[in-house]
Amino acid sequence: MKVQPNKRGLPATGKEPLMGFRASPEMRASVVRWAEYQPGMPSLSEAIRRLVELGLTVPTNPLTDEREDQQGREDPKQRARQLASNAIDKVTDPAASPDDQASRKRRLIKGPEEFQKVRRDRNRK
């Protein structure tokens, strides 16, 4: 009877190829917290596999994404206007009257007269 030499290292736990990636301590902690609330309290590697599987179930079909845009997502231009409006509201002088605040906001969004002629998003007169 021939004796097999001992193999070094840990025994193989799976047949599939190994996939590895680097994760920040914050991401690792987030995965661990997520795993704590899962049935069976999976190990870190099992939790990552489950999260990847969940991520792969999200549809990425451009036609699906387009339908979602039509069904409720904001237009990017409208979103930009809203973000600009919110930013301006945060720095508005509270001592100014509401009319002055609105006028100042309009001037900021519209921009200086010199630049209004060269803006591509405005109709030229």
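The model is a predicted one, in which local features need pLDDT of at least 70 and side-chain atom pairs count only at pLDDT 80 or more, while totals for chains, interfaces and linings use all residues. Residues are numbered from 1 along each chain as its sequence is written, and side-chain values use heavy atoms, with hydrogens and water left out.

The protein has six helices and zero strands, where helices (H or I, at least four residues) and strands (E, at least two) are DSSP runs numbered from the N terminus. Along the sequence, the pattern reads α-α-α-α-α-α. Of the 125 residues, 6% count as buried, a class that means under 20% relative accessible area, whereas exposed means over 50% and partly exposed lies in between (1.4 Å probe, protein chains only). Among the contacts with a separation of 6 or more, 3% are accounted for by residues 24 or more positions apart, a contact meaning heavy atoms within 4.5 Å.

The largest pocket holds about 740 Å³ of space. On a 1 Å grid over the protein atoms alone, a pocket is an open set of points where a 1.4 Å probe fits, with protein on both sides within 12 Å along at least five of seven lines, and its lining residues have an atom within 4 Å of a point; the points are joined across faces, edges and corners, and the volume is the space filled by probe spheres set on them. There are 19 lining residues, and those closest to the centre of this pocket are Leu18, Met19, Ser45, Ile48 and Arg49. Helices α1 (25-36) and α2 (44-56) each supply at least two residues of the lining, and α2 gives the most, with six residues. By class, the lining has ten nonpolar, five polar and four charged residues, where Ala, Val, Leu, Ile, Met, Phe, Trp, Tyr, Cys and Pro count as nonpolar, Asp, Glu, Lys and Arg as charged, and the others, Gly among them, as polar.

Side chains of opposite charge can pair when their charged atoms come close. With a salt bridge defined as a side-chain nitrogen of Lys or Arg within 4 Å of a carboxyl oxygen of Asp or Glu, the count comes to four. One of them joins Glu46 and Arg50 at 3.3 Å, N to O, and both residues lie in helix α2, four residues apart, about one turn of the helix. Glu46, Arg49 and Arg50 are linked in a network of salt bridges.

Another salt bridge pairs Lys105 with Asp89, whose closest N and O atoms are 3.0 Å apart. Lys105 lies in helix α5 (residues 98-110) and Asp89 in helix α4 (residues 76-90), so this pair ties together parts that are 16 residues apart in sequence. Asp93 forms a salt bridge with Arg104, with the closest N and O atoms 3.9 Å apart. Since Asp93 lies in the loop between α4 and α5 and Arg104 in helix α5, the pair ties together parts that are eleven residues apart in sequence.

Finally, Met41, found in the loop between α1 and α2, has a phi near 40°, a positive value in a residue other than glycine, and Met41 counts as exposed at 56% relative accessibility.
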